[in-house]
Amino acid sequence: MTPSIFARQPLALRKTAIVLIAALILMWFDSKNSEWFNPVRSTSHAAMQPIYELSLLPSYAKHWAGGSLQSKEALRRENMQLKSQLIHAQAKLQQQDYILAQNARLQGILSTTKPEQFDLNLAQVIGTDTNLLRQIVVLNKGVQDGVQVGQTVIDEDGILGQIINVYPNTSRLLLITDEQQSVAVTVKRTGQRAIVTGQGIPTSLSLDYVFKTSDVRVGDELVSSGLGGRIPAGYRVGRIAHIKDTQADNFRSIEVTPAANFIDNAYVLVLQDKLVNKNNMTLNDR
């Protein structure tokens with residue numbers, strides 16, 4: 001008996017050949033009429049669906065990881081952008097608050113009662129003196145604006161000082177807080193006269209030549225007396241803050257809080273005599 005050709009082949013190879021032959025036969029029948037195998041094809045596709053999904057898991061994982069990292073980076077950039085916008089908004093808000101405060105100050109200055117004798121010339125403080133030991137500031141108004149040496153400068157609260165130098169477009173203002181500056185004043189409550197002297201700091205003045213028997217109290221308001229003609233009468237100079245009596249002297253040591261704002265005096269008013277301005281205009285017309 002002649003042995004079969006498959007008897008000499010390994011078992012796995014024979015199984016493979018049988019499967020291939022069966023597959024070819026099924027393919028031939030499917031080519032003749034595909035509808036015969038539609039139920040089998042649908043069932044096989046349904047059975048293979050989990051395998052398809054499992055095969056896609058690495059790809060899904062890769063895309064998820066990349067998307068997650070990208071999302072975190074996008075969120076980080078968006079967060080930084082929002083922080084930057086917030087900082088800019090806060091900066092603008094601070095600037096707006098400053099502008100509102102400056103407008104409020106300007107309104108207060110411009111609402112100052114305008115004396116009949118003087119014109120009020122609004123000026124801006126643009127700098128300070130190079131000598132830090134002196135209480136001197138620079139204004140943006142000069143000769144061309146009618147500013148003259150000796151003119152008094154005020155703000156909405158009181159007297160600031162006097163013009164000591166003038167230039168074509170600028171001028172220098174010596175504040176009453178300077179140690180070399182003094183103002184003749186009157187105690188508003190009693191009418192007593194005295195002298196206020198600067199102490200070299202913007203927050204304090206000194207009331208000099210007041211006897212211990214004088215009727216002065218903490219809280220008394222001091223106004224300019226006009227004595228000597230240097231500074232016009234009736235403008236606020238300060239208010240008594242502290243009184244101290246010493247045994248070795250007949251005078252009291254009195255500290256005065258300035259009425260004017262010497263720390264944030266961005267805008268000031270220069271008192272210009274109407275009569276002097278009128279005479280100057282007449283001379284210029286000639």
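Let me start with the nonpolar core, by which I mean a set of buried Ala, Val, Leu, Ile, Met, Phe, Trp, Tyr and Cys residues joined through side-chain atoms within 4.5 Å. The largest one in this predicted model has 36 residues, and L139 and L207 are those with the most contacts inside it. Strand 12, residues 267-273, supplies the largest share of this core, namely four residues. Domain 2 (118-173 + 265-274) and domain 3 (182-258) both contribute residues, so the core lies between them; the domain bounds come from an automatic or database domain assignment.

Before going on, a word on conventions: residues are numbered from 1 along each chain as its sequence is written, and side-chain values use heavy atoms, with hydrogens and water left out. Since the model is predicted, local features need pLDDT of at least 70 and side-chain atom pairs count only at pLDDT 80 or more, while totals for chains, interfaces and linings use all residues.

Staying with L207 for a moment, and leaving aside its neighbours within four places in sequence, this residue is in contact with V185, A194, I195, V196, L222, I240, R252, I254 and V256, where contact means heavy atoms within 4.5 Å.

Now to the overall fold. The chain has three helices and 12 strands; these are DSSP runs numbered from the N terminus, with helices being H or I of at least four residues and strands being E of at least two. Of the 286 residues of the chain, 29% count as buried, and here buried means under 20% relative accessible area, exposed means over 50%, and partly exposed lies in between, with a 1.4 Å probe and protein chains only. Among contacts between residues at least 6 apart in sequence, 56% join residues at least 24 apart.

One closed barrel of six strands runs 1-2-5-4-3-12 with antiparallel pairing, two strands being paired if DSSP finds at least two bridges between them. Within it, strand 1 (residues 118-128) pairs with strand 12 in the antiparallel sense over seven bridges, and L120 has L271 of strand 12 as its bridge partner.

Another six strands close into a barrel in the order 6-7-8-11-10-9, again with antiparallel pairing. Its twist averages 40° from one strand to the next. Strand 10 (residues 236-245) and strand 11 (residues 252-258) run antiparallel and are joined by seven bridges, with I243 standing opposite I254 in strand 11.

Also in strand 10 we find A241, which is partly exposed at a relative accessible area of 34%. Beyond its neighbours within four places in sequence, A241 is in contact with V218, E255, V256 and T257, and its C-alpha atom is separated by 8.4 Å from that of D220, 21 residues apart along the chain.

Q181, by comparison, sits in the loop between strand 5 (171-175) and strand 6 (182-187). Is this glutamine buried or exposed? Q181 is buried, with a relative accessible area of 5%, and, with neighbours within four places in sequence again set aside, its contacts are Q162, L174, L175, I176, V196, T197, G198 and R230.

Finally, the aromatics. The structure holds two aromatic pairs, counting rings of Phe, Tyr and Trp (its six-membered ring) whose centres lie within 6.5 Å, with planes under 30 degrees apart taken as stacked, over 60 as edge-to-face and the rest as tilted. The rings of Y209 and F251 have centres 6.1 Å apart and planes at 90°, so this pair is edge-to-face. Because Y209 lies in the loop between strand 8 (205-208) and strand 9 (221-224), and F251 in the loop between strand 10 and strand 11, the pair ties together parts that are 42 residues apart in sequence. F211 and F251 form a tilted pair, 4.7 Å centre to centre with 35° between the planes, and F211 and F251 are 40 residues apart. Y209, F211 and F251 form one aromatic cluster.

As for accessibility, Y209 is exposed at 58%, whereas F211 is partly exposed at 44% and F251 is partly exposed at 26%.

Terms used. Axes are lines fitted to C-alpha atoms, for helices over the stretch in contact, and angles run from 0 to 180 degrees between N-to-C directions.
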